[in-house]
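Please look over the protein chain shown below before reading on. The report moves from the chain as a whole to a few of its residues.

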Amino acid sequence: MPGTFIEVKVDAATAANPDLARQLRESCPVDIFAQREDGQLRIVEENLDECVLCDLCKKIGPKGAVQVIKLYE
């Protein structure tokens, strides 16, 4: 089930890059990101609402490659 409060989007090029996927996985304090066996990024949907809005993930990859969207006001 996707997040109730938070949605995370990662552009296709960043998600397909094993090095950037590793950096995202290592940067997230609440394990929203994981890597598949082929090195590509996987978003762990059950952890989305654990997001603390630290923005560490948004600093990885090209500007705008990672979006953290609050689904509430």
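What percentage of the 73 residues of the protein chain count as buried? The share is 33%, where buried means under 20% relative accessible area, exposed means over 50%, and partly exposed lies in between (1.4 Å probe, protein chains only).

This is a predicted model, in which local features need pLDDT of at least 70 and side-chain atom pairs count only at pLDDT 80 or more, while totals for chains, interfaces and linings use all residues. Residues are numbered from 1 along each chain as its sequence is written, and side-chain values use heavy atoms, with hydrogens and water left out.

**The whole chain**

The protein chain has two helices and four strands, which follow the pattern β-α-α-β-β-β along the sequence; helices (H or I, at least four residues) and strands (E, at least two) are DSSP runs, numbered from the N terminus. The C-alpha trace spans about 35 × 25 × 20 Å along its principal axes. Of the contacts with a separation of 6 or more, 54% come from residues 24 or more positions apart, a contact being heavy atoms within 4.5 Å.

Thr 14 is found in helix 1 (residues 12–16), whereas the place of Ser 27 is in helix 2 (residues 18–27). Leaving out residues up to four places away in sequence, Thr 14 touches Leu 20, Ala 21, Leu 24, Pro 62 and Ala 65, and Ser 27, counted with that exclusion, touches Leu 56, Cys 57 and Ile 60.

| Residue | Relative accessible area | Class |
|---|---|---|
| Thr 14 | 1% | buried |
| Ser 27 | 18% | buried |
| Leu 53 | 35% | partly exposed |
| Cys 54 | 35% | partly exposed |

**A loop residue and the cysteines**

Leu 53 lies in the loop between strand 3 (41–43) and strand 4 (66–70).

Which bond can join two cysteines? A disulfide is a covalent bond between the sulfur atoms of two cysteines, and here the term is applied to a pair of cysteine sulfur atoms within 2.5 Å. By this rule the count comes to zero disulfides. Cys 51 is in no disulfide, since the nearest cysteine sulfur, that of Cys 54, is 6.4 Å away. Cys 54 is likewise in no disulfide, and for this residue the nearest cysteine sulfur, that of Cys 57, is 6.2 Å away.
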